[in-house]
Amino acid sequence: MRRLAVCASLALAAALAGCGAPPPRSASAAPVAAPAPKEPPRLIVAISVDQFSADLFAQYRRHFTRGLARLQQGAVFPSGYQSHAATETCPGHSTLLTGTHPARNGVIANNWFDLSLTRADKRVYCAEDVTDPASTSRDPVVSARNLKVPTLGELMKAANPATRNVAVSAKDRAVMMMGGHRIDAAYWWKNGQFVTLKGRELSPAAVAQNVEVAALLKTGAPALDLPAFCAGADNAVPVGKATLGTGRFALEPGKPDAVRISPRMDHLTVELANRLVDELNLGKGDAPDILSVSLSATDYIGHATGTNGAEICIQMAELDKAVGALLDHLDARGIDYAVMLTSDHGGLDMPERASQQAVPRAVRVDNSLMARELAKTVTARTGIASPGGPLLYSDGGEYYVNAALAPAQKAEVVKAMVAILRAHPQVAAVYTAEEMAKTPLPTGNAQDWSIRDRTRASFDASRSGDVLILLDRAVTPIPEAMPGAYVATHGSVYDYDRRVPMLFWRRGMRAFEQPAPVETVDIAPTLAALVGLRVSEGMFDGRCLDLDGGADNTCGAK
Ligand SMILES: [Zn+2]
């Protein structure tokens, strides 16, 4: 850390030997000389960059010059673990500010099935209120009802009601999982504008931001520049009838989805966050406030175009600017804030490009593993047909057997499924709900957990399926590519989906990098200690990380 500090102070005197050649730095990345802070910060800024894998961070970190350069001058944990198997947006965001694994907080997937629901739609969306008759899994009444534990913002509000708990994102589920049940302001993107919770009005800040969005949608926007460091990534790869890898995000007027699947989505989200900082005077009140910002564009672009083309490279440059714009805004307001930046999960490139780039086993999932096809195979083998409705329900990863079957028949179906799945060449592991329920919750270093341990960390007996499958490494669970919308994904049990960076920064803080693995469930206890919040023993699955690189300890004296 001494070396870092010396290099930072010498950066102004041009590139000196041993310090590398620093890229030009704008205001948001400027090295900061200030005394180490003694008092708790007045504002916690929790940033989640959706699908920002540790691999993307490692690949691009040297090119960052704005916000993401600044955050690398804080406490850098390059190996943060979303420890569980269900590496999806909702479970991932659920760990960040609750300090708990999905096995405890109940958010086991983006979608699961509840076959006891009386409504026709048996699928449950993680951030919907199933008790509201107007809600369906595809058009949900948005709520944090399915989250079984409180968030850091809620705990801060319980300790001091003057705390404001604010969350913004393109995704409703990111807002609800980071904000929780008691949110003072909550905004997400829907059909080309920012919207809020049922029964609430948009605040003037949100209305003003929507005016800006409408203007952008009306005019469109030119293509984005390709940064020089992206030249090597700018290669066309055939995917079905299309090619990907050379996109520039030119925006035609009237295309809200093209805004969403572009770096512009992050800029719009940050602009709204900045307006809310001003509207609510965040960081200036009687109690520390918390602002959660989940930036979704990296995920949307990763799904639409993969993780190793010009598109994601442009996005990395724009993300850096967007984070910079947020930090610059807080600086300009003179707020004493602490930032945490991490991700909900990692990601894997599309198999069409990965197989060209030294991953010959990268393939798409076999259609025979889809619920409908698997059900046909099970019926052929057992003679048991559906008593009405599908025999198997699945949203990927787990299968639920039709609840109207007699127990003996259900057992026979489960047995047949396990045999069929275990014999499948793309399947790494298969567990029944019974087996998982008997598996103890994992302990020890998440990096070393077995596949069974990882699966257990996102298993909840009241919500999980009857049979859980874990695909082999580099199998993309999208049977057919939809270029420009859905070609690549995450959700596996492997480290390309589990490992994410965890960065903490506060003005005056001593920089250090700790390569030892940590967990995203460590974030909430770390931030709670930073704001001086006392919580009851056992509240978190994670532990407090000492953010002081020297003799002091931000977790308090032990
Ligand atoms: Zn995603």
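Modeller: This is a predicted model, and the domain assignment of the protein chain gives domain 1 (2–107 + 147–356 + 494–530), domain 2 (108–146) and domain 3 (366–425 + 427–471).

Biologist: How many residues does the contact take from domain 1, and how many from domain 2?

Modeller: The centres of domain 1 and domain 2, taken over C-alpha atoms, are separated by 27 Å. Where the two meet, the contact takes 16 residues from domain 1 and 10 residues from domain 2.

Biologist: Which helices each supply at least two residues of the side of domain 1 that touches domain 2?

Modeller: By class, that side of domain 1 has eight nonpolar, four polar and four charged residues. The helices that each supply at least two residues of it are H4 (89–96) and H7 (172–179).

Biologist: Which residues have the most contacts inside the largest nonpolar core?

Modeller: In soluble globular proteins, nonpolar side chains tend to be buried together. Here the largest nonpolar core has 154 residues, and those with the most contacts inside it are Ile 47 and Val 339. Leaving aside neighbours within four places in sequence, Ile 47 is in contact with Val 293, Leu 295, Val 323, Met 340 and Leu 341, and also with Val 339. The two residues asked for are therefore Ile 47 and Val 339.

Biologist: Which element gives the largest share of this core?

Modeller: The core has 154 residues, and its largest share, 12 residues, comes from H12.

Biologist: Are the axes of H10 and H12 roughly parallel or roughly antiparallel?

Modeller: The axes of H10 (residues 264–279) and H12 (residues 310–332) come within 9 Å and cross at roughly 5°. Because angles under 35 degrees count as roughly parallel, H10 and H12 are roughly parallel.

Biologist: How do the residues of the contact of H10 with H12 divide by class?

Modeller: From H10, the residues include Asp 266, His 267 and Val 270, and those they meet in H12 include Glu 318, Leu 319 and Ala 322. Taken by class, the residues of this contact divide into eight nonpolar, three polar and two charged.

Biologist: Which elements are included in what covers the buried residues of H19?

Modeller: Eight of the eight residues of H19 (residues 523–530) are buried, so this helix is largely enclosed by the rest of the structure. The buried residues run from Ile 523 to Leu 530, with Pro 525 and Thr 526 among them. What covers them includes strand E1 (43–49), H4, helix H6 (152–159), strand E11 (337–342) and strand E18 (499–506).

Methods:
Residues numbered from 1 in each chain as written. Predicted model: local features only at pLDDT ≥ 70, side-chain atom pairs only at ≥ 80, totals over all residues. Axes fitted to C-alpha atoms, helices over the stretch in contact; angles between N-to-C directions. Helix = DSSP H or I, 4+ residues; strand = E, 2+ residues; numbered from the N terminus. Parallel < 35°, antiparallel > 145°, perpendicular 65-115°, else oblique. Contact = placed C-beta atoms within 7 Å. Nonpolar A, V, L, I, M, F, W, Y, C, P; charged D, E, K, R; others polar. Core = buried A, V, L, I, M, F, W, Y, C linked by C-beta atoms within 7 Å. Buried ≥ 20, exposed ≤ 12 C-beta atoms within 10 Å, placed from the backbone. Domains from an automatic or database assignment.
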